[in-house]
Amino acid sequence: MRETDDLRRHVEAAIEGDNVAFEHIVKCTQPAVWRLCVSLGSAGVEEDLVQETYLRAIKSLPGFRFEVPVQAWLLSIARRVCADDVRKRQRSRRLADRLELSAGDGVMVDADSVDHILDSLDPDRREAFVLTQVMGLSYEEAAEVMSCPIGTVRSRVARARADLAVVVAQTMAV
């Protein structure tokens, strides 16, 4: 119970902007957050998942209502971070599979190279494509995020697909 009270006191101070208090929270909870990220996350990105957990926690501090112990709250954030990472990797794999299909026989697209391929797109097209095809937003949701008409999103995604087909074809020719 004493550790719970100590963490609560530090969270209250961190909410008021005390960075030293937040460092104490990290020091006390990091082993448990790390273990969860190692268990649920993708191999090799555990450090990024732990860091993302604490970044989300910092943003969420003002809304923390102390309904659960601090460590349980942080572990629930870490679980969501790991789940988001798994979903992102699945989307990248599906995108790589679709790129392989559109390229034709004999072309292998590595899921890790998907980001490199997407970087070749015009920024507006990449944004529309990533929001709808990678992140899974509807065209309407993407239009809201991008602050543009839904038709603009649709045309940017269509152009991005065409651009990606050209990039894949060029890669195949090499």
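Trainee: What percentage of the residues in the chain is buried?

Mentor: This is a predicted model, in which local features need pLDDT of at least 70 and side-chain atom pairs count only at pLDDT 80 or more, whereas totals for chains, interfaces and linings use all residues. Residues are numbered from 1 along each chain as its sequence is written, and side-chain values use heavy atoms, with hydrogens and water left out. A residue is buried at under 20% relative accessible area, exposed at over 50%, and partly exposed in between (1.4 Å probe, protein chains only). Of the 174 residues in the chain, the buried share is 35%.

Trainee: In which helix is confidence highest?

Mentor: Confidence is expressed as pLDDT, the predictor's value for each residue from 0 to 100. The chain has a mean of 84, and 86% of its residues reach 70 or more. The lowest mean, 74, belongs to helix α5 (residues 114–119), while the highest, 94, belongs to residues 46–60, which form helix α3.

Trainee: How many helices does the chain contain?

Mentor: Helices (H or I, at least four residues) and strands (E, at least two) are DSSP runs, numbered from the N terminus. Along the sequence the pattern reads α-α-α-α-α-α-α-α. The chain has zero strands, and its helices number eight.

Trainee: Is H10 buried or exposed?

Mentor: H10 is part of helix α1 (residues 2–15). Contact means heavy atoms within 4.5 Å, and, apart from neighbours within four places in sequence, H10 is in contact with A21, H24 and I25. Because its relative accessible area is 13%, H10 is buried.

Trainee: With the side chains of which residues does the side chain of D6 make polar contacts?

Mentor: D6 also has its place in helix α1, and it counts as buried because its relative accessibility is 19%. A polar contact is a pair of N or O atoms within 3.5 Å; within protein, one must be able to donate a hydrogen and the other to accept it, and residues adjacent in sequence count only if both atoms are side-chain atoms. The backbone oxygen of D6 lies 2.8 Å from a polar side-chain atom of H10. The side chain of D6 has its own polar contacts, at 2.6 Å with R9 and at 2.8 Å with H24.

Trainee: Which helix supplies the largest share of the lining of the second largest pocket?

Mentor: On a 1 Å grid over the protein atoms alone, a pocket is an open set of points where a 1.4 Å probe fits, with protein on both sides within 12 Å along at least five of seven lines, and lining residues have an atom within 4 Å of a point. The lining consists of V45, D48, L49, E52, R56, V81, D84, D85, K88 and R89. The largest share is five residues, supplied by α4.

Trainee: How many residues of that lining are charged?

Mentor: Asp, Glu, Lys and Arg count as charged; Ala, Val, Leu, Ile, Met, Phe, Trp, Tyr, Cys and Pro as nonpolar; and the others, Gly among them, as polar. The lining of the second largest pocket has three nonpolar residues and no polar ones, while its charged residues number seven.
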